[in-house]
Amino acid sequence: MIPFNKPYLTGKEMHYMYEAVHTGKLSGNGKFTKKCQEFFEEKYHFKKCLLTTSCTDALEMAAILANIQPGDEVIMPSYTFVSTANAFILRGATIIFVDSRKDHPGIDEDSIEGLITDRTKAIVPVHYAGVACDMEKIMSIANKYNLIVIEDAAQAIDSYFTFSDGSNKALGSIGQLAAFSFHETKNIISGEGGMLAINDEKFSARAEIIWEKGTNRSAFFKGEVDKYGWVDMGSSFLPSELIAAFLFAQLENIDDIQLQRKKIWIQYYKGLKDWADKNEVKLPSLPDFATNNAHMFYLVCKSVEQRTELIDRLKKNDVLAVFHYLSLHKSSFYKDKYNGKDLKLSDYYSENLVRLPLFYELTDIQINHIIESIVKNG
Ligand SMILES: *Cc1c(COP(=O)(O)O)cnc(C)c1O
């Protein structure tokens, strides 16, 4: 069976973990944590980075930093992972779900402004498949209404947005805050893991406090205060040095990992284009302002029947292909709380989207087998 995902090891992970163990510094915010954070700050121009134990945790930190209060409204797509919404539900927010774009599962930027009320606090765009939302449009709406933008960049490492003046910015460096994931299904991994990127300096000091269980321990170790204690709410959001050591080995190889993933993505695209056109199946489309970080290769079938047939056929050929999110506004947890309108495109992607295996060690033989299994029946 060709699995949907297989975590890739660069070879240095155990070496750095051994080093972390050997130096006797196992808790968080040590040498490897700093190396990882500096790497991201330098390469992608995030103002400040804090590693977390997951993207879910980074989103929860962002919700605290944004000072979300019960009854506040937070705007986000319905076609996303539960953590995007949970982080704000935990603070008592009301979630205002938005439909997807016609050409892409990401948030329909043109539907956002009409949903803003005087209770709206934040917009949470999700860069689905690592493909940028229209951040220029979203930032200008947010500025107009004085809202915070928190990018769910879980899938979006090493991906960029191009502004209308031609300049580029890394996803995760545009909103005031952004959350990344290093879960084993993402491009760069540490098993479980994540990161909060802080691009507005006014959040930096408080972010460190929330990260360190509500204490000013970070400032104390930097010599900025002469004793440390409990100064705010917080939790245990920082990962151990073992996780950071593992992650650092991945980061040293990020360019190689990205190159290989993009190569596979292009092989799929070329191998499936004619078949897709003939069978009314859509291949991933990228808006002009977005780059491709090859996080995911998906197909959008013309019907749920066509998708089921495809998944079954791939399974018979020993290939595991999987569908993705079910619209959050229709989930058993939220459906009774939801009183907005139908979100037809979100439901459309819930029913028709299927993801193909995409991982570093996928061989040419396997890729050709997957493509053959798809195209041979028509
Ligand atoms: C993976 C993912 C998350 C959650 O990441 P964890 O690190 O597993 O907490 C959140 N949002 C999106 C869009 C994701 O793809």
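Begin with the lining of the largest cavity, which by class holds six nonpolar, three polar and four charged residues, where Ala, Val, Leu, Ile, Met, Phe, Trp, Tyr, Cys and Pro count as nonpolar, Asp, Glu, Lys and Arg as charged, and the others, Gly among them, as polar. The model is predicted, so local features need pLDDT of at least 70 and side-chain atom pairs count only at pLDDT 80 or more, while totals for chains, interfaces and linings use all residues. Residues are numbered from 1 along each chain as its sequence is written, and side-chain values use heavy atoms, with hydrogens and water left out.

Select Lys 6, Tyr 8, Lys 186, Asn 187 and Arg 261, which of the 13 lining residues are the closest to the centre of the largest cavity. A cavity is a set of points, on a 1 Å grid over the protein atoms alone, where a 1.4 Å probe fits but cannot get out, and lining residues have an atom within 4 Å of a point. The largest cavity has a volume of about 90 Å³, a volume being the space filled by probe spheres set on the points, which are joined across faces, edges and corners. Domain 1 (13-251) and domain 2 (254-375) each give at least three residues to this lining, with bounds that come from an automatic or database domain assignment.

Next, select the lining of the second largest cavity, including His 104, Trp 265, His 295 and Tyr 298. This second largest cavity holds about 50 Å³ of space, and its lining has eight nonpolar, four polar and no charged residues. Because domain 1 (13-251) and domain 2 (254-375) both give residues to its lining, the second largest cavity lies between them.

Now turn to the ligand and select Thr 56, Asp 152, Gln 155, Ser 181 and Lys 186, which come nearest of the 14 residues around it, each with a heavy atom within 4 Å of the ligand. By class, this shell has five nonpolar, seven polar and two charged residues.

Which polar side-chain atom lies 2.5 Å from an oxygen atom of the ligand? That atom belongs to Thr 56, while a polar side-chain atom of Ser 181 lies 2.7 Å from an oxygen atom of the ligand.

Methods:
On a 1 Å grid over the protein atoms alone, a cavity is a set of points where a 1.4 Å probe fits but cannot get out, and a pocket is an open set with protein on both sides within 12 Å along at least five of seven lines; lining residues have an atom within 4 Å of a point. A polar contact is a pair of N or O atoms within 3.5 Å; within protein, one must be able to donate a hydrogen and the other to accept it, and residues adjacent in sequence count only if both atoms are side-chain atoms.
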